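Please walk me through this protein, starting with the overall layout and then moving to individual strands and side chains.

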Amino acid sequence: MSLRVIALLTITALALSGTVGAVDRQLPGWVLWVVDGDSLVLDVRGSQYRVELSDIDAPELNQAWGQAAADRLKRALTGRFVVVDAADIAPNGQVHGRLTYKNRDIGLDLLHEGLAWCTIGPVTETPYDTNHPYRDAESAARQTRRGLWSDEHAVPPWEWREQRLRPFD
């Protein structure tokens, strides 16, 4: 086998051995603004990152409870110093991760207040953990009918987005 083929196979193997952009690190920074109920823009030493909170999905802004979720994040986080435990950072600055402020998990708080759905488990086809704090928080909000759970016909944001993408039937 030629040296060129071996080099090509080695490069290919390295490229396929890990997920591009996969990381496991913390991003401390200042919240510049809130985009919606589960995303914001973070300034980390002069670089801006769009952060999507992982493992939750809040209603869209023009969906019932969407503005309430966004307002909750704005009041709590705009101008505040937070830490994102980044699960993934894309080359374009898009970050997925869990966000903490004063040692509080913000995604967990949104779930507890009934302002988001938990996406850990069957929804994302990941292993379902019935003892996960995110699942527990959503369940408690459902049982006490907090936030969006006060609406018997609350539509999950992923279904709502899909309905908006379909052409008129």
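Among the contacts in the protein with a separation of 6 or more, what percentage is accounted for by residues 24 or more positions apart? The share is 59%. The model is a predicted one.

The protein has five helices and eight strands. Read from the N terminus on, these elements follow the order α-β-β-β-β-α-β-β-β-α-β-α-α. Of the 169 residues in the protein, 39% are buried. The accessible surface comes to about 10200 Å², and carbon and sulfur atoms hold 55% of that area.

Strand β2 (residues 39-44) runs antiparallel to β3 and is joined to it by six bridges. Strand β6 (residues 94-101), by contrast, runs parallel to β3, with four bridges between the two. Here L53 stands opposite G97 of β6.

Next come the aromatic side chains, which form three pairs. The ring centres of W30 and F81 lie 5.1 Å apart with the planes at 65°; an angle over 60 degrees counts as edge-to-face, so this pair is edge-to-face. W30 belongs to strand β1 (residues 22-36) and F81 to strand β5 (residues 81-89), so the pair links parts of the chain that are 51 residues apart. Both residues are partly exposed, W30 with a relative accessible area of 46% and F81 with 39%.

W117 and W158 form another edge-to-face pair, with 6.2 Å from centre to centre and 75° between the planes. Because W117 lies in strand β8 (residues 117-118) and W158 in helix α5 (residues 157-165), this pair ties together parts 41 residues apart in sequence. W117 is buried at 5% relative accessibility, whereas W158 is partly exposed at 26%. Ring pairs also bring in W149, giving a cluster of W117, W149 and W158.

Two arginines complete the tour. R98 lies over the face of Y134, 4.2 Å from the ring centre. R72 sits in helix α2 (residues 66-77). Is R72 buried or exposed? Its relative accessibility is 15%, so R72 counts as buried. Leaving aside residues up to four places away in sequence, R72 touches D109, L110, E113 and L115.

Notes. Residues numbered from 1 in each chain as written. Predicted model: local features only at pLDDT ≥ 70, side-chain atom pairs only at ≥ 80, totals over all residues. Heavy atoms only, no water. Buried < 20%, exposed > 50% of the residue type's maximum accessible area, 1.4 Å probe, protein only. Contact = heavy atoms within 4.5 Å. Pairing = 2+ DSSP bridges. Areas by Shrake-Rupley, 256 points an atom, 1.4 Å probe, with all protein chains shown as cover. Phe/Tyr/Trp six-rings, centres within 6.5 Å; stacked < 30°, edge-to-face > 60°. Lys NZ or Arg CZ within 6 Å of the ring centre and 35° of its normal.
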